[in-house]
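This report describes selected parts of one model, to be read with the sequence and the structure in view. It takes strands, helices and ligand surroundings in turn.

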Amino acid sequence: MIPSPKSIGLYVHLPWCIHKCPYCDFNSHEASFDKVKELERDYFKNLIKEFSFYKELISDRQISSIFFGGGTPSLIAPQLYEELISEIHTYFNLSNSEITMEANPGTIDINNFKDYAKVGINRISLGIQSFNDKHLKKLERIHSSDEAKHAIDIVQKYFSNLNLDLMFGLPQQNLEELQCDLQTACDFEPNHLSFYHLTIEPQTAFYKTPPEIPSDDDAFEMYQEINQQLQRYHYVHYETSAFAKQGYQSQHNLNYWLFGDYLGLGAGAHSKITHYGEIFRMNNTKNPKTYIDSVHQNKFFSNKTNILKNDLPFEFMMNTLRLTNGFQKNLFEERTGIELNNIRNQINDSISKELLHEDENIIKPTKKGVFFLNEILHNFL
Ligand SMILES: C[S@@+](CC[C@H](N)C(=O)[O-])C[C@H]1O[C@@H](n2cnc3c(N)ncnc32)[C@H](O)[C@@H]1O
Ligand code: SF4
């Protein structure tokens, strides 16, 4: 019997963007600002209805974090967040919960940010990507470098808890340009930084017309530079792409990486829930209009599947081994209901190849293992 974890994360998807970036394969749909204003109220009504449908299922849990992701959540009026958060707060105590909103620097309105803070959002994740105008243009971002810096200033007025998203390995980016981005990001002293290696995803404009990107060796050199510089600035590298000042790790993402449960609301959102010893996943339909229509008709997910027992070790490792500190050994059985001894051979094989390290309490990837994660995971397939 797999016990349900005490806490659960809540993900809320806001699916609209002013412009679709050519590298992005997230569930985001282009819509003008006026169109978003026309749709947002109805969409939030449906989010509240969807939440009401699930609240019994998770009534014995603590909602430890809420993440408003996108898309571009900063296009949405603060009052709508207020209504949704107070509805959730009626049933769940949110006083210690981390509540994050993603924001795009091209959509920053100072009064909105004052109000986002008032309605209970306590952490902002700003999609900066780069401080270099040449790269921002190639990425077709809707903001300049100066606007990105101005956005950080505004957000820091109202939020002390701030993440900046940046990407590296950008089209024609060199090491010096990456160093400038890194330095500018550090100068703002955010307590969290995410540095993602640009990947060319299928179904994106960059996939159809690939830009020239740095070689793997050059990108690896950039990654090492990021690690070294952020260490000098006292950031803890706690996950492949995530760096935080002590005590400021993203609670919401940590829950994913520790194979915790989460409930997803909104178009394309998905959930992982442990219930009566079973773990199941649910997916919502991706198109915002279809999502609204389905919830109107009381259809709350398009797909529900159980995670098979045989797949659990792989799923668990795929998440937890992204963390530089790996996982506490007792967590494996707690989350999967399977004794660690059942996967002893696979673990020992990776230990003998110096890809995994084990001590009395934890199992974690070695420095080499971090870069050969796929090889470790292959053992658990
Ligand atoms: C869901 S996006 C939302 C952020 C927000 N909409 C924005 O772009 O300003 C989260 C982050 O994923 C990263 N990301 C998106 N597509 C990526 C790709 N193809 N490769 C690497 N990182 C990517 C970007 O840094 C982005 O800020
Ligand atoms: S703004 Fe963010 S979510 Fe929207 S298309 Fe660009 S990267 Fe994707």
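Ser-271 stands opposite Met-282 in strand S13. Strand S12 (residues 270-275) and strand S13 (residues 278-283) run antiparallel and are joined by 6 bridges. They form a hairpin with 2 residues between them, and Tyr-276 in the turn has a positive phi of about 45°. Helices (H or I, at least four residues) and strands (E, at least two) are DSSP runs, numbered from the N terminus. Two strands pair if DSSP finds at least two bridges between them. Strands of a sheet pair through backbone hydrogen bonds, either parallel or antiparallel.

The model is predicted: local features need pLDDT of at least 70, side-chain atom pairs count only at pLDDT 80 or more, and totals for chains, interfaces and linings use all residues. Residues are numbered from 1 along each chain as its sequence is written, while chains are lettered from A and ligands numbered from 1 in the order in which they are written.

An open sheet is formed by 3 strands in the order S15-S17-S16, with antiparallel pairing. Its edge strands are S15 (327-328) and S16, each of which pairs on one side only. S15 is joined to S17 by 2 bridges, and Phe-327 stands opposite Ile-363 in S17. The loop between S16 (356-358) and S17 (362-365) holds Glu-360. Is Glu-360 buried or exposed? A residue is buried if 20 or more other C-beta atoms lie within 10 Å of its own, exposed if 12 or fewer, and partly exposed in between, with C-beta atoms placed from the backbone. Glu-360 is exposed, because it has 5 other C-beta atoms within 10 Å. Its C-alpha atom is separated by 8.3 Å from that of Lys-329, 31 residues apart along the chain.

Two helices can be described in like terms. The expected span of a helix is 1.5 Å times one less than its number of residues.

| Helix | Residues | Number of residues | Expected span | C-alpha span, end to end |
|---|---|---|---|---|
| H6 | 175-187 | 13 residues | 18 Å | 18 Å |

In H2, the buried residues are Pro-78, Tyr-81, Leu-84 and Ile-88. Seen down the axis of H2, they fall within an arc of 125°, so they line one face of the helix. The arc is that of the directions from the helix axis to the C-beta atoms. On the other side of H2, Ser-86 and Thr-90 are exposed. The cover over the buried residues of H2 includes helix H1 (33-54), strand S4 (62-70) and helix H3 (110-118); contact here means C-beta atoms, placed from the backbone, within 7 Å.

In H6, Leu-178, Asp-181, Leu-182 and Ala-185 are buried. Their arc, seen down the axis of H6, is within 100°, so these residues line one face of the helix. Glu-176, Gln-183 and Asp-187 are exposed on the other side of H6. Just after H6, Glu-189 takes a positive phi of about 50°.

Finally, the ligands. A residue is near a molecule if its C-beta atom, placed from the backbone, lies within 6 Å of it. Ligand 1 is surrounded by 16 residues, the closest being Tyr-23, Asn-104, Gly-127, Asp-165 and Tyr-196. The elements giving two or more residues to this shell are S4, strand S6 (123-129) and strand S7 (162-168). The residues around ligand 2 include Cys-17, Lys-20, Asn-104 and Gly-127.

Key. Two residues are in contact if their C-beta atoms, placed from the backbone, lie within 7 Å.
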